[in-house]
Protein chains: 2
Amino acid sequence: MPVERIETPALVVDLDALDQNLRTMAAAAAEAGVALRPHAKAHKCPQIARFQLGHGATGVCCQKVGEAEVFVDAGIVDVLITNEIVDPAKVDRLAQLARRARIATCVDDRAQVALLAEAARHHGVQLDVLVEIDVGHGRCGVPPGASAVGLAQLIEETSSLRFAGLQAYQGAAQHLRLEDERRRAIDLAADRVRLTTSLLAESGLACPLVSGGGTGTFMFEAASSEFTEIQPGSYVFMDAAYARNEWAEERQPFAHALLVHATVISTSVRGRAVLDAGYKALAVDSGYPTVVGLESAAVAGMSDEHTLIGQDADRPLRVGDRVRLVPGHIDPTVNLHDWYVGVRDGTVEVVWPIAARGPGL
Amino acid sequence: MPVERIETPALVVDLDALDQNLRTMAAAAAEAGVALRPHAKAHKCPQIARFQLGHGATGVCCQKVGEAEVFVDAGIVDVLITNEIVDPAKVDRLAQLARRARIATCVDDRAQVALLAEAARHHGVQLDVLVEIDVGHGRCGVPPGASAVGLAQLIEETSSLRFAGLQAYQGAAQHLRLEDERRRAIDLAADRVRLTTSLLAESGLACPLVSGGGTGTFMFEAASSEFTEIQPGSYVFMDAAYARNEWAEERQPFAHALLVHATVISTSVRGRAVLDAGYKALAVDSGYPTVVGLESAAVAGMSDEHTLIGQDADRPLRVGDRVRLVPGHIDPTVNLHDWYVGVRDGTVEVVWPIAARGPGL
């Protein structure tokens, strides 16, 4: 089927660009000598996770128990949940999952440790637990240093848990515009990791894993001597928000591999074209999508089911024309859709379900 | 099951508040003597549409063919698609739907009329077609007046189509802050309708239906003598964006009947509590959600799976505490979820699938 016959709005993967992104990241991790554990919350698709494992990833990251269940069911047997799980029902499911896969998760509070310990005992498993430290994001994580060591000791003293290392993700650094700003933020994050690992060593606690990094900064975590693993997600597809980052050599290292295809449904209002994709097909938390190949056709507004773009006076769009949009933010845009349409050379090659889509659980 | 045992994040309906909102709107439409055709894109749920019909609604509005299919499949046999459908595959499905239900849709371009005519002929049905006029929204719709009459004549001359009236939705008026601003915008919209219906009458074209109005303005369309039908959607649940509108008697007419329940997963960063609901559970196109019952706990930031709120120094939240959020914008928030959990008196009473959820089609 030719691309032009895909019903819109549709989430369309450029399979060649995806492959290129997978190779670029795998090569960067291998060259730096760090493990690559891509964040699956970006794509929510076991098929893409299998490609990542095929390119040398050691496992995947998930953000929720429900996501982890989908990936384990699909045969991905090494999952790190980069988040704190506190609902007793969810903690119970997490422990059950550890019967079938290597499961690690994060804590930043003694209450979480107690919940994990009880569920792991109940199900006769041992859970790997990372202490999350706040390296500048200001979201989850204990302060670097003594607090982290205290939690690590508590974990290590708990027979059903194993202290596996540190989660040290600097989310606030990912979209700092200048490469130098991002480098400085990760230098600071690495200092905070070093402070913590030094204290852990003084306390006789081994810290086999330090995980962190995203698509905007992974090269700095990888180059530091503090991180053993990087966990970028968005690199598989890229998005408009990451494209606004400035990069060395004035180019971004990844290609736009995911577009929303839309159709012009109206051109009645002067100077405007209205597309059949709105908030229910494109997340706008990180800004409007950008329009591919139409220089003057910036997004002028959006609503639930519509995107308004400016018309080019010389080449006006007509009802029925196709328009391709780069999503503002990949993760929540993917989460709106039920499947990917994978295309190569203008032809539909595959359809992959977005199996881990959903708001929670 | 008590409300406290619902796994979070969850989309929770207060059934008593929903019932009150349904009654309030039904009474307002009846009193004004206009038909009520609620917009089902707000709730995407056949069970709620059936309640609306039970309260006197004449049918529902949908925004997409895929939505209309879900509602017709569920036995809702009178659907107006308040949008332009241009993809030939979708137009074909629309015509097929007209074999099983009364289907009306909108046009603002001769190309759309041609597509509808051909599909209706092919399937041996007659489609009701409204001409959409732009009464100030600046999205879809021909200018009021002669352009609309020209399109209406074209429809009327097409044997497989029937000119059913005007779609005249003033979307830009719905969230004007002051009631007076909204009234003036709808006065202007009504003038534009009047201009058009006068010209239609002069041309000998009957205009049985004029449909428009939303939750922010329906009372003004209903009070005008130009509109025969109102099509509000958000009133079933309300949201934070509509709550910012000012209303007569300093009160909003509808109750918050839909909340996202979330759980505190971390309090490690000073002055903050982190909830387990982010962009994948709450749409932010119309602003952040608001927090119920915690005066000082404003939303400080959000990310894919997290919402950060400020801590109250006197009553700090702890890990595991429940927090209820009013979504910023109902429609795209509902679209993130797969089901509603309906509660009454603190107990779960029903679970309704959000059957028409999805980005398109």
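Through which surface do the copies, chain A and chain B, meet? Of the interface residues of chain A, 100% are also interface residues in chain B, so the copies meet through the same surface. The model is a predicted one.

## Relation of the two copies

Two copies of a chain are related by a rotation about an axis and a shift along it.

## The parallel sheet of chain A

In chain A, 8 strands make up an open sheet with parallel pairing, and their order is β2-β9-β8-β7-β6-β5-β4-β3. The edges are taken by β2 (35–36) and β3 (60–62) of chain A; each has a single partner strand, so one side of each is left without a neighbour in the sheet.

Within this sheet, β6 (residues 127–132) and β7 (residues 161–167) of chain A are paired in the parallel sense, with 6 bridges. Opposite Val131(A) stands Leu166(A) of β7(A). Helix α6 (residues 146–156) of chain A packs on the sheet, where it touches β5 (102–107), β6 and β7 of chain A. The direction of this helix makes about 155° with that of β7(A). Angles over 145 degrees count as roughly antiparallel.

## Surroundings of Thr197 in chain A

Helix α7 (residues 179–202) of chain A contains Thr197(A). The side chain of Thr197(A) comes to 3.2 Å from the backbone oxygen of Arg194(A).

Leaving aside residues up to four places away in sequence, Thr197(A) touches Leu166(A), Cys207(A), Val210(A) and Glu226(A). One of these, Leu166(A), is the β7(A) residue that stands opposite Val131(A).

## The antiparallel strands of chain A

Strands β10 (residues 258–266) and β11 (residues 272–275) of chain A run antiparallel and are joined by 2 bridges. Val264(A) has Leu275(A) in β11(A) as its bridge partner. The two strands, β10(A) and β11(A), form a hairpin with 5 residues between them. In the turn, Gly271(A) has a positive phi of about 80°.

Strand β11(A) is also joined to β14 (residues 306–310) of chain A, in the antiparallel sense and by 4 bridges. In this pairing, Leu308(A) of β14(A) lies opposite Val274(A).

## Helix packing in chain B

Two packed helices are described by the angle between their axes and the distance between the axes. For α6 (residues 146–156) and α7 (residues 179–202) of chain B, the angle is about 45° and the axes are 9 Å apart. Helices α6(B) and α7(B) are therefore oblique to each other, and their crossing is right-handed. From α6(B), the contact involves Ala146(B), Ala148(B), Val149(B) and Ala152(B); from α7(B), Thr196(B), Leu199(B) and Leu200(B) take part.

A second pair in chain B consists of α3 (residues 65–73) and α4 (residues 88–97), whose axes come within 10 Å and cross at roughly 25°. Angles under 35 degrees count as roughly parallel, and that makes α3(B) roughly parallel to α4(B). The crossing of α3(B) past α4(B) is left-handed. On the α3(B) side, the residues that meet α4(B) are Val65(B), Gly66(B), Ala68(B), Glu69(B) and Val72(B). Their counterparts in α4(B) are Lys90(B), Arg93(B), Leu94(B) and Leu97(B).

Note on methods. Residues numbered from 1 in each chain as written. Chains lettered and ligands numbered in written order. Predicted model: local features only at pLDDT ≥ 70, side-chain atom pairs only at ≥ 80, totals over all residues. Heavy atoms only, no water. Pairing = 2+ DSSP bridges. Contact = heavy atoms within 4.5 Å. Axes fitted to C-alpha atoms, helices over the stretch in contact; angles between N-to-C directions. Polar contact = N/O pair within 3.5 Å; in protein donor to acceptor, adjacent residues only side chain to side chain. Parallel < 35°, antiparallel > 145°, perpendicular 65-115°, else oblique. Left-handed = near helix turned anticlockwise from the far one by under 90°.
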